[in-house]
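Please look through the sequence and the model below before reading on. This briefing goes from the overall picture to a few individual residues.

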Amino acid sequence: MRLFRPLAVGLGGLALALTLPAGAALASNGTFTWLGPGGKAYSLQNPPDNRCLDMSQEARGAHNALKQPAAVYSGKRCRGHETQLAPGTVAPSGARFASVVFNPR
């Protein structure tokens with residue numbers, strides 16, 4: 001039970017960070033998926049373009065099923081080692097990342 005609450009708070013924070021009001025920004029078309037703690041799959045539909053999003057928990061195995069490119073970074077705020085993901089590509093399953101930007105400029 002002690003582990004559940006921080007995990008729930010982290011997931012809630014991620015959900016809030018990824019939510020935008022309708023029409024607030026341009027969005028990439030498609031789905032971006034990744035694996036979180038325990039190998040649980042997460043996805044994001046039509047994420048905003050050109051906006052760095054920090055992951056609130058462990059993230060690895062990014063799959064870019066968008067029509068636009070994405071870039072994942074080893075550090076928060078889209079810093080550190082960058083891995084470009086062309087549309088339809090998958091990062092190695094063990095490749096961890098801490099932030100992502102969609103359709104980078």
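Among contacts in the protein between residues at least 6 apart in sequence, what percentage join residues at least 24 apart? In this predicted model, 60% of those contacts join residues that are at least 24 apart along the sequence.

**Overall build**
- The protein has one helix and seven strands, and reading along the sequence gives the pattern α-β-β-β-β-β-β-β.
- Of the 105 residues of the protein, 36% count as buried.
- The accessible surface of the protein comes to about 6,300 Å², and carbon and sulfur atoms account for 58% of that surface.

**The disulfide**
- The count of disulfides comes to one, and it is formed by Cys-52 and Cys-78, whose sulfur atoms are 2.1 Å apart.
- Cys-52 lies in the loop between strand S2 (41–45) and strand S3 (53–54), while Cys-78 lies in the loop between strand S5 (70–75) and strand S6 (79–85), so the pair ties together parts that are 26 residues apart in sequence.
- The link of Cys-52 and Cys-78 is right-handed, with 105° about the S-S bond.
- Cys-52 counts as partly exposed because its relative accessibility is 31%, whereas Cys-78 is buried, with a relative accessible area of 18%, and the cut-off for buried is under 20%.

**A buried tryptophan**
- Trp-34 is found in strand S1, which covers residues 30–35, and Trp-34 counts as buried because its relative accessibility is 3%.
- Trp-34 and Leu-44 are ten residues apart along the chain, and their C-alpha atoms are separated by 9.0 Å.

How values were computed. Residues are numbered from 1 along each chain as its sequence is written. This is a predicted model: local features need pLDDT of at least 70, side-chain atom pairs count only at pLDDT 80 or more; totals for chains, interfaces and linings use all residues. Side-chain values use heavy atoms; hydrogens and water are left out. Helices (H or I, at least four residues) and strands (E, at least two) are DSSP runs, numbered from the N terminus. Buried means under 20% relative accessible area, exposed over 50%, partly exposed in between (1.4 Å probe, protein chains only). Contact means heavy atoms within 4.5 Å. Accessible areas come from the Shrake-Rupley method with a 1.4 Å probe; for residues, only the protein chains shown count as cover. A disulfide is a pair of cysteine sulfur atoms within 2.5 Å.
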